[in-house]
Amino acid sequence: MKISAEHFSQDQYKIEDSVGYLLGRARTKLAKALDLALAEQGITHAQGSILLMLATGRYATAADLTRELYIDSASMTRMIDRLEKRGLIIRSRKAGDRRAIDLRLSPAGQELGQRLPRIYADTLNRSFAGFSPEDLDILKGMLRKLLSDETN
C-alpha cells in the first residue's frame, strides 16, 4: 500500500490542528511537568536529560549529547557548566586527543542519576494516565516512524 506524502495542504491548514503544533505543545507540557518534578533536585528537565544520557554510558561528549538531544552547542555548554559547578558531572581530557573532553557523572551525579528514572516514570504515568497500554504502544510506534530516517 502506497502512502501519499501529501497529507497537509496550506488551504486547510489550521495551527491548532497542526501536527507540529500539537507535538510541540505536548513536549512543552511534559517538559513543564518534569521541571516541576525535578525542582526538588535542583535541576531542570534538560539537565536531567543530560544526566540520564551520561548514566547510560553510551554518550561521553558534549557533541554526543548535542546531537542526541537536539540542543545547540552553546546551550549545551552552559548546561554542562552548571552541572559541573553543582558537582554532578566531571570533565576530563580524552587520553588520545587532548582537544576532546569526556564527560562522566560524579559520585553525586551517579546517585542522582539512579533516582531520575523513578521521577521521570512517575511524571509520565501522571501525564499519560488516560492512555491504555495499547494507546502508548501506538503512540510510540508512530513517533519512532516519524523519527526514523526512512520516512524523512
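This is a predicted model: local features need pLDDT of at least 70, side-chain atom pairs count only at pLDDT 80 or more; totals for chains, interfaces and linings use all residues.

Me: What do Glu 111 and Arg 115 form, and how far apart are the closest N and O atoms?

Reply: They form a salt bridge, with the closest N and O atoms 2.2 Å apart. Glu 111 is partly exposed at 40% relative accessibility, and Arg 115 is partly exposed too, at 32%.

Me: How many salt bridges does the structure hold?

Reply: Five. One of them joins the side chains of Arg 118 and Asp 122, at 2.6 Å from N to O. Those two are also in helix α5, four residues apart, so about one helical turn separates them. Arg 118 counts as exposed at 52%, while Asp 122 is partly exposed at 29%.

Me: And what about Asp 64 and Arg 67?

Reply: Their side chains meet in a salt bridge as well, 2.9 Å from N to O. They are three residues apart in helix α3, again about one helical turn. Asp 64 is partly exposed at 22%, and Arg 67 is exposed at 56%.

Me: Which residues are linked in a network of salt bridges?

Reply: Asp 81, Glu 84 and Arg 91.

Me: Switching to pockets. What's the volume of the largest pocket?

Reply: About 1800 Å³. It's lined by 32 residues, and Arg 27, Leu 30, Leu 124, Phe 128 and Leu 143 lie nearest its centre.

Me: Which helix gives the most to the lining?

Reply: α1, with eight residues. Helices α1, α2, α3, α5 and α6 each supply at least two.

Me: You mentioned Phe 128. Why is its pair with Phe 131 called edge-to-face?

Reply: The ring centres are 4.9 Å apart and the planes are at 70°, so the pair is edge-to-face, given that planes over 60 degrees apart count that way. The structure holds one aromatic pair, and Phe 131 is partly exposed at 39%.

Me: Where's the nonpolar patch on the surface?

Reply: Phe 8, Val 19, Leu 23, Leu 143, Leu 146 and Leu 147 form it, with about 560 Å² of accessible area together. Helices α1 and α6 each give two or more residues, and α6 gives the most, with three. Val 19, in helix α1, is partly exposed at 41%.

Me: Last one: what's the phi of Tyr 70?

Reply: It's positive, about 55°, although Tyr 70 is not a glycine. Tyr 70 lies in the loop between α3 and α4 and is exposed, with a relative accessible area of 73%.

Note on methods:
Residues are numbered from 1 along each chain as its sequence is written. Side-chain values use heavy atoms; hydrogens and water are left out. Rings of Phe, Tyr and Trp (its six-membered ring) pair if their centres lie within 6.5 Å; planes under 30 degrees apart count as stacked, over 60 as edge-to-face and the rest as tilted. Buried means under 20% relative accessible area, exposed over 50%, partly exposed in between (1.4 Å probe, protein chains only). Patches are made of residues with over 30% relative accessible area and no salt bridge: like charges are joined within 9 Å, nonpolar side chains (Val, Leu, Ile, Met, Phe, Trp, Tyr) within 5 Å. Accessible areas come from the Shrake-Rupley method with a 1.4 Å probe; for residues, only the protein chains shown count as cover. A salt bridge is a side-chain nitrogen of Lys or Arg within 4 Å of a carboxyl oxygen of Asp or Glu. On a 1 Å grid over the protein atoms alone, a cavity is a set of points where a 1.4 Å probe fits but cannot get out, and a pocket is an open set with protein on both sides within 12 Å along at least five of seven lines; lining residues have an atom within 4 Å of a point. Grid points are joined across faces, edges and corners, and a volume is the space filled by probe spheres set on the points.
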